[in-house]
Amino acid sequence: QARGPLDLLRRADLAVYAAKHRNGEQVAVYDDEMDRLVEDQQDIEEGLTDALHGQGLSLVFQPVLDSLTGTTTGVEALVRWHREDAGQISPAVFVPIAERSGLIVDLDLWVMETALSQMASWAAAPGTARLDVSVNVSGRSLLDPSFVEQCFALLEDAEVDPSHLVLEVTETALVTDLDLAASQLQQLRA
């Protein structure tokens with residue numbers, strides 16, 4: 001039962017949003033589940049904001065192997081999030097919410113800073129000094145005008161060979177300004 005015109009509009013807005021994001025369906029009827037989903041997303045967003053400024057995020061490094069020799073040629077940095085109140089949160093849950101909310105830029109920079117720190121540690125050991133480290137970067141981060149400068153600052157602080165950093169633009173991100181994204185990528189490549 002709607003509690004007035006503003007609540008009715010809010011519910012209609014939730015139904016319109018749901019209809020836009022359903023494959024092929026153009027109609028959605030509001031139900032209480034929509035409110036629960038919005039609350040869950042807000043909880044994830046708030047928790048992720050706290051994790052970016054505190055603890056709970058970590059990286060795991062998945063080996064990249066040469067298919068002919070079986071030797072490790074690099075690693076891919078994958079972000080993980082453990083919440084004290086909820087346990088392990090899947091990247092499939094929190095990354096899309098980070099993309100929609102704009103937190104993805106901060107998350108991408110956190111991953112890059114942490115991966116570069118690990119690269120610096122590995123640079124001292126002969127077996128890991130030449131490993132390439134791949135970091136996923138959202139297309140949305142490429143549209144942030146300060147992203148390239150922040151990446152440069154992180155590379156300078158870490159004092160690592162930037163030729164061993166591989167940036168992978170995530171396929172889930174819709175890049176709306178291809179010229180800006182291409183320019184940012186070109187600066188990073190240089």
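Me: Which residues lie nearest the centre of the second largest pocket?
Reply: Bear in mind that this is a predicted model. The second largest pocket has a lining of 13 residues. Those nearest its centre are L165, L167, L185, L188 and R189.

Me: Which element gives the most to the lining of the second largest pocket?
Reply: α6, β5 (165-169) and α7 each supply at least two residues of that lining. One of them gives 6 residues, the most. That element is α7.

Me: How do the residues of that lining divide into nonpolar, polar and charged?
Reply: The pocket itself has a volume of about 360 Å³. Its lining divides into 2 polar, 1 charged and 10 nonpolar residues.

Me: Which element gives the most to the largest nonpolar core?
Reply: This core has 41 residues, and L57, L107, L116 and F147 touch the most other members. Elements that each supply at least two residues include α2 (32-52), β1 (57-65), α4 (104-122) and α6 (147-158). With 11 residues, the top contributor is α4.

Me: With which residues is L116 in contact, leaving aside its neighbours within four places in sequence?
Reply: L116 is among the core residues that touch the most other members. In general, nonpolar side chains tend to be buried together in soluble globular proteins. Beyond its sequence neighbours, L116 is in contact with L154, L155, A158, V160 and L165.

Me: Is S141 buried or exposed?
Reply: S141 is found in helix α5. Buried means under 20% relative accessible area. S141 has a relative accessible area of 0%, so it is buried.

Me: Which side chain does a polar contact of 2.5 Å join to that of S141?
Reply: Leaving aside neighbours within four places in sequence, S141 is in contact with I104, V105, D108 and F147. One of these also makes a polar contact of 2.5 Å with S141, side chain to side chain. The partner is D108.

Me: Which residue caps the N-terminal end of α3?
Reply: The cap uses a side-chain oxygen, 3.0 Å from the backbone nitrogen of A92. Just after α3, G102 takes a positive phi of about 95°. The residue that caps the N-terminal end is S90.

Me: What are the buried residues of α3?
Reply: Look at what covers them: the list includes α2, β2, β3 (87-89), α4 and α5 (139-142). The buried residues under this cover are F94, I97, A98 and E99.

How values were computed
Residues are numbered from 1 along each chain as its sequence is written. This is a predicted model: local features need pLDDT of at least 70, side-chain atom pairs count only at pLDDT 80 or more; totals for chains, interfaces and linings use all residues. Side-chain values use heavy atoms; hydrogens and water are left out. A nonpolar core is a set of buried Ala, Val, Leu, Ile, Met, Phe, Trp, Tyr and Cys residues joined through side-chain atoms within 4.5 Å. Buried means under 20% relative accessible area, exposed over 50%, partly exposed in between (1.4 Å probe, protein chains only). Helices (H or I, at least four residues) and strands (E, at least two) are DSSP runs, numbered from the N terminus. Contact means heavy atoms within 4.5 Å. On a 1 Å grid over the protein atoms alone, a cavity is a set of points where a 1.4 Å probe fits but cannot get out, and a pocket is an open set with protein on both sides within 12 Å along at least five of seven lines; lining residues have an atom within 4 Å of a point. Grid points are joined across faces, edges and corners, and a volume is the space filled by probe spheres set on the points. Ala, Val, Leu, Ile, Met, Phe, Trp, Tyr, Cys and Pro count as nonpolar, Asp, Glu, Lys and Arg as charged, and the others, Gly among them, as polar. A polar contact is a pair of N or O atoms within 3.5 Å; within protein, one must be able to donate a hydrogen and the other to accept it, and residues adjacent in sequence count only if both atoms are side-chain atoms.
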